[in-house]
Amino acid sequence: MSHSTSVLSIHIPPTIYTSGSYVEGEIHLNFRSLQDEPIDEVRITLRGRAKALNDNPRKQEARMLVDTSRVLWTYGAEYPPPGSDTLRLFFRWKLPDNLPPSTYYSGHLKAASVVYSLETVGLRRGVLKSDKKIHTPLVVLQSDSVGTQLPLGLSDVPWKKFYREQKVRKGFWGVSDPGTVTVELLLPDVPALPLFTKTPYIIDIITTTAPLARSKANAQPAHKAIFPPPPAIHTELMFRLIRRTAIHAQGRYDSGDIEAVRFLGLARSGADVDTDLPEKEWAAADETNRSGGDEVGTWIQRARFQSKMFLIVFHRRSIAGSLRARTF
C-alpha cells in the first residue's frame, strides 16, 4: 500500500496489525522533484487516539493511546545512491501491547472511535511554504490467543444451537388460537468465530399451526403453506451481525448498535444459499373434536437455509469514510 505527493511517498504492507506487533515500511524521497519543492526535514509520526462523545447532555472525552515521532532525514544528511533519484528511508515501530481495536461508531447524539495512523511530513521552513503531508490510516486489532488455537477448517467442528420460539397470530387483533414459530441458528462450536474466514451456518425455521380438525386440515391445498408459513426463499429472512459499542465519556455510560455486516436479506439476493423445503407434516394431538369425533392436530412446516458467513472488522461504510488516505 502506498500514498504519495510529488516529493514524498510512503510504502507499507497492506495488512492489519495487532497490538504488540511491528509497523514498518519505507519513505521514498524524490530528489528530482526536490529541486522544485525543497524540503528541510522528513518526519514520521505514529498516532492512536480514542474519542467518545455523548451529547445528551454534552460529554466528550479523548485519550491519546500512542504518539511517537521520528526524524528520518534532514537536508544534506543523505543522498540517493548513484544512478537513482530516490532516497529510501526505512522506519519500524513496535505497537504497545493491549491497544484497543480500531473501531468507529456514529449514532444519534453519540459517537465513538479508536483510530490509528501514520503521518508523514516534509517540513518546509519559510514564509508562504506549506508542508508536504501524507496521512495513512492503520487498522489495529487486539492480539487474540484464543483465535490462534482455532482449527484451520471448521467443516468438521460440531454445531452449537441458538434458538427462539414465539407465538404468532394473524393480524394485529387476531383472536384465533396462535401458531408457533421457532428459529434455530447453528454455528460451529468454537470459542470465537474467526475473521476473514468462511464460517458455515445453518438456519432452521419450524412453524406449527394452531390446533385444527383433520377434516379442515385436509381441505387445505396440498402445496400451499398454512399460517404461519415458513420463508420459501432466503431473501425473506434478515440475518445480520450487529456491533454494539459501549461509550464512556466523563463518567457517563451509554451504548449504541450499528449493522456491521448483513448475510441474508433483500440486499443479499445473490447470496449463495442452499435451501431445503420439506413437505409439511401432520402431528395428531391426543384428543378429538368433541362435536364430531374428528382428529385434532397441527401442521408442522420446516425450512432450512445453509450458507457461509464472512466476518470483517468494520462496517463497510465506516471503512470508506474513516480509512481514506489524505495528501497535502
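Residues are numbered from 1 along each chain as its sequence is written, and side-chain values use heavy atoms, with hydrogens and water left out. Because the model is predicted, local features need a pLDDT of at least 70 and side-chain atom pairs count only at pLDDT 80 or more, while totals for chains, interfaces and linings use all residues.

In soluble globular proteins, nonpolar side chains tend to be buried together. A nonpolar core here is a set of buried Ala, Val, Leu, Ile, Met, Phe, Trp, Tyr and Cys residues joined through side-chain atoms within 4.5 Å, where buried means under 20% relative accessible area, exposed means over 50%, and partly exposed lies in between, with a 1.4 Å probe and protein chains only. The largest such core has 30 residues, and those with the most contacts inside it are Ile27, Leu29, Trp73, Phe91 and Leu118. Among the elements that give two or more residues to this core are strand S4 (22-30), helix H1 (31-34), strand S6 (58-74) and strand S9 (110-123); helices (H or I, at least four residues) and strands (E, at least two) are DSSP runs, numbered from the N terminus. Apart from this core lies another, of 16 residues, which includes Tyr201, Ile203, Val261 and Ala271.

Leaving aside residues up to four places away in sequence, the residues touched by isoleucine 27 include Leu8, Val42, Leu72, Phe91 and Thr120.

Helix H2 (residues 214-218) holds alanine 217, which is buried because its relative accessible area is 2%. Beyond residues up to four places away in sequence, alanine 217 touches Leu212, Trp282 and Trp299. Alanine 217 and tryptophan 299 are 82 residues apart in sequence, yet 7.9 Å apart in space, C-alpha to C-alpha.

The backbone also deserves attention. Most residues other than glycine have a negative phi, and most peptide bonds are trans. The peptide bond from phenylalanine 227 to proline 228, however, is cis, with omega near -5°, and proline 228 sits in the loop between H2 and strand S16 (239-249). Asparagine 98 has a positive phi, near 60°, in the loop between S7 and strand S8 (103-107), and it counts as exposed because its relative accessibility is 69%. Leucine 109, in the loop between S8 and S9, likewise has a positive phi, near 65°, but at 36% relative accessibility leucine 109 counts as partly exposed.

Technical notes:
Contact means heavy atoms within 4.5 Å.
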